[in-house]
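Dear colleague,

Please find below the structure that I am handing over to you. I would be grateful if you could look through it before reading the notes that come after it.

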Amino acid sequence: NPALTKIGAQMSNLTGVRAIMKDIVETLQASQGQELINLSAGNPLILPEVEQLWRDATAELLASSEYGEVVCRYGASQGYAPLIEAIANDFNKRYGLNLTSRNILITPGSQSLYFYAANAFGGYDIDGGLRQIVLPLSPDYTGYGGVCLYPEALIAYKPTLDIDAANHKFKYRPDFSQLSVSEQTGCIIFSRPCNPTGNVLTADEVHKITALAETYNVPVLIDSAYAPPFPALNFTEMQPIFGKNIIHCMSLSKAGLPGERIGVAIGDEKFIQVLESFQTNLCIHASRYGQAIASRAINSGKLVDIAAQVIRPFYQNKFAVLENTLDAAMPKDLPWFLHRGEGAIFAWLWLKDLPTTDWEFYQELKKVGVIVVPGSTFFPGLQEEWPHKHQCLRISLTGSDAEIVSGMQRLAKVAEQVYQQA
Ligand code: PLP
């Protein structure tokens, strides 16, 4: 084995969700013959209308004189100009903004954006002080866990729980009595809608967070990978929120282009320039083919239409199937709570006072042919022990209706047994 630096070792660690994904892949490979219901995937399904949209945009690109310019040449680090222009025009019209090209950066997927931000704004400053990367509401996207070259900089805050006991529903809220922003804060990141919980922070909650950050000129990255206008995976009314210190971060992945790796940052020029320089050093620029087809799909208005008319209802219906099945199948006297399904492509189930851990529950579910993701991997940055961390499961909405129904019925049986045995 090669000798690794501290950072090298840290980056090669199979942590959190990557360790579980490895277990899931091995389980699927070993299953030979046994039908497994896999509700673990974070990969969006290929919806025919969405695939057609990208196929058509590709055909147009191939037939145009633009093709060679797109794939046979390097471009600007900031991104492919027609895509930047398409986003600026669309957002200015849609949200009444005054964006210029200097407010926009295109990155190879939005994951890279969080990596740039976490290390440009978080970590050790020139005086040796530690600047924190703050996740104001834990649980949140597991991918934030690996982006810090100095992991000690990442800190997350426990939420408060808004519980509707009679209906077995709940919702996380940021705990403003705990959340602290100071000159030690480097940046703030949260997803809205949230992976894994489907939570959508209210506009009020977002404004409270950004107001705290503004005092110290701290950038707030609002991870809008599931937000409107595309992929529009919000099932509750929400509007994107822009502001002086907000970096609005988007992704084309859930709009059908995860393979092309396209992320977008929109914000004040002074933040965008920092991220752009980071990108130049790392990879020069994002792939231009995906950017060229995305610019066509945005300019034609088709991407926004398909998001609202196809992508959103598809997953919203999956959530309803899951919710109805659990309501019918779960024993009424068990303390189970489904997080309000406000968006994204997952359901988040909390099994309060679970007599085992989420990991053991995941193993029990595997025995009845159902795979979900144990919830404890979705608390990056939250060091403190909290039983709740081991009482949750993330269930992907990417199964067929029949798989979701059967999977939740089996889950209800396993839950009943596990609580009974205690
Ligand atoms: N943010 C959230 C909340 C996600 O769920 C994902 C992917 O699942 C990402 C960011 C990363 O997306 P990408 O790098 O494909 O844009």
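This is a predicted model: local features need pLDDT of at least 70, side-chain atom pairs count only at pLDDT 80 or more; totals for chains, interfaces and linings use all residues.

I begin with helix α12, which runs over residues 401-421 and has 21 residues. From its first C-alpha to its last, α12 reaches 30 Å, close to the 30 Å expected at 1.5 Å a residue. Its buried residues are Ile404, Gly407, Met408, Leu411 and Ala415. Seen down the axis of α12, these buried residues fall within an arc of 95°, so they line one face of the helix. On the other side of α12, the exposed residues are Ala402, Gln417, Gln420 and Gln421. The buried residues of α12 are covered by elements including β1, α10 (302-329), β12 (336-339), β13 (346-351), α11 (358-367) and β14 (370-371).

Strand β1 (residues 37-38) contains Ile37. Ile37 is buried, because 22 other C-beta atoms lie within 10 Å, the cut-off for a buried residue being 20 or more. Among the residues that Ile37 touches are Gly369, Val370, Ile371, Glu403 and Gly407. Val370 lies 333 residues from Ile37 in sequence, yet the two are 4.8 Å apart in space, C-alpha to C-alpha.

With kind regards

How values were computed: Residues are numbered from 1 along each chain as its sequence is written. Helices (H or I, at least four residues) and strands (E, at least two) are DSSP runs, numbered from the N terminus. A residue is buried if 20 or more other C-beta atoms lie within 10 Å of its own, exposed if 12 or fewer, and partly exposed in between; C-beta atoms are placed from the backbone. Two residues are in contact if their C-beta atoms, placed from the backbone, lie within 7 Å. The expected span of a helix is 1.5 Å times one less than its number of residues. The arc is that of the directions from the helix axis to the C-beta atoms. Lists of a residue's contacts leave out its neighbours within four places in sequence.
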